[in-house]
Amino acid sequence: GYLARLPRAGSSPELSRAELLRLLLQVRMNAFASGLYCELSMINHACAPSAIKFAREDGGVDGMSRVCALRHIPAGGEVTINYLPE
């Protein structure tokens, strides 16, 4: 996809305006305050979530975040988090 064509430092972009807009909107809609997490952005919202997301407490920038189950999630069950602040 177009993510593989993103420019490296010092190179020219190879994205069309439409591809760049789509990428920026994806980042905007899937980012959390603490960063952008490709796997985490695949988790759906639920008002009664099955898991909770934790950001690093020390404010580190290593891109680490964790998700912990709030209750038993059966194999194949959907992992959900609450997108809204508590």
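Predicted model: local features only at pLDDT ≥ 70, side-chain atom pairs only at ≥ 80, totals over all residues.

Reader: Is alanine 46 buried or exposed?

Author: Buried: alanine 46 has a relative accessible area of 17%, and the cut-off for buried is under 20%.

Reader: OK, and the other side of that. Where's threonine 80?

Author: Threonine 80 is in strand β6. With a relative accessibility of 8%, threonine 80 counts as buried.

Reader: Which residues is threonine 80 in contact with, leaving aside its neighbours within four places in sequence?

Author: There's a run of them: Ile43, Asn44, His45, Ala46, Ala48, Pro49, Ser50 and Ala51.

Reader: What lies 2.9 Å from a polar atom of the serine 50 side chain?

Author: That's the backbone nitrogen of threonine 80. The backbone oxygen of glutamate 78 also has a polar atom of the serine 50 side chain 3.3 Å away.

Reader: And which residues is serine 50 in contact with, neighbours within four places in sequence left aside?

Author: Ala69, Leu70, Arg71 and Ile73, plus Glu78, Val79 and Thr80.

Reader: Moving on to tyrosine 83. Where's its place?

Author: Tyrosine 83 falls in the segment after β6.

Reader: What does the side chain of tyrosine 83 have 2.5 Å from a polar atom?

Author: The backbone oxygen of isoleucine 43. Tyrosine 83 touches Ile43, Asn44 and His45, if you don't count residues up to four places away in sequence.

Reader: How many residues apart in sequence are tyrosine 83 and alanine 46?

Author: 37, and the C-alpha to C-alpha distance between tyrosine 83 and alanine 46 is 7.8 Å.

Reader: Switching to rings. How many aromatic pairs does a search of the whole structure find?

Author: That search gives 0 aromatic pairs. There is a charge over a ring, though: the charged end of arginine 66 sits over phenylalanine 54, 5.0 Å from the centre of the ring.

Reader: Cysteines next. How many disulfides in the whole structure?

Author: The search turns up 0 disulfides. Cysteine 47 is exposed, with 70% relative accessible area, while cysteine 68 is partly exposed at 26%.

Reader: What about leucine 40, buried or exposed?

Author: Leucine 40 counts as buried, with 8% relative accessibility. You'll find leucine 40 in the loop between β2 and β3. Leucine 40 and serine 65 are 25 residues apart in sequence and 8.6 Å apart in space, C-alpha to C-alpha.

Reader: Zooming out, how many helices and strands are there?

Author: The protein has 1 helix and 6 strands, and along the sequence they follow the pattern α-β-β-β-β-β-β.

Reader: What share of the residues is buried?

Author: Buried residues come to 16% of the 86 in the protein. On contacts, take those with a separation of 6 or more: 45% of them are between residues 24 or more positions apart.

Reader: Last thing, confidence. What pLDDT does the protein average?

Author: 76, with 62% of the residues scoring at least 70.

Notes: Residues numbered from 1 in each chain as written. Heavy atoms only, no water. Polar contact = N/O pair within 3.5 Å; in protein donor to acceptor, adjacent residues only side chain to side chain. Contact = heavy atoms within 4.5 Å. Phe/Tyr/Trp six-rings, centres within 6.5 Å; stacked < 30°, edge-to-face > 60°. Lys NZ or Arg CZ within 6 Å of the ring centre and 35° of its normal. Disulfide = S-S within 2.5 Å. Buried < 20%, exposed > 50% of the residue type's maximum accessible area, 1.4 Å probe, protein only. pLDDT = per-residue confidence, 0-100. Helix = DSSP H or I, 4+ residues; strand = E, 2+ residues; numbered from the N terminus.
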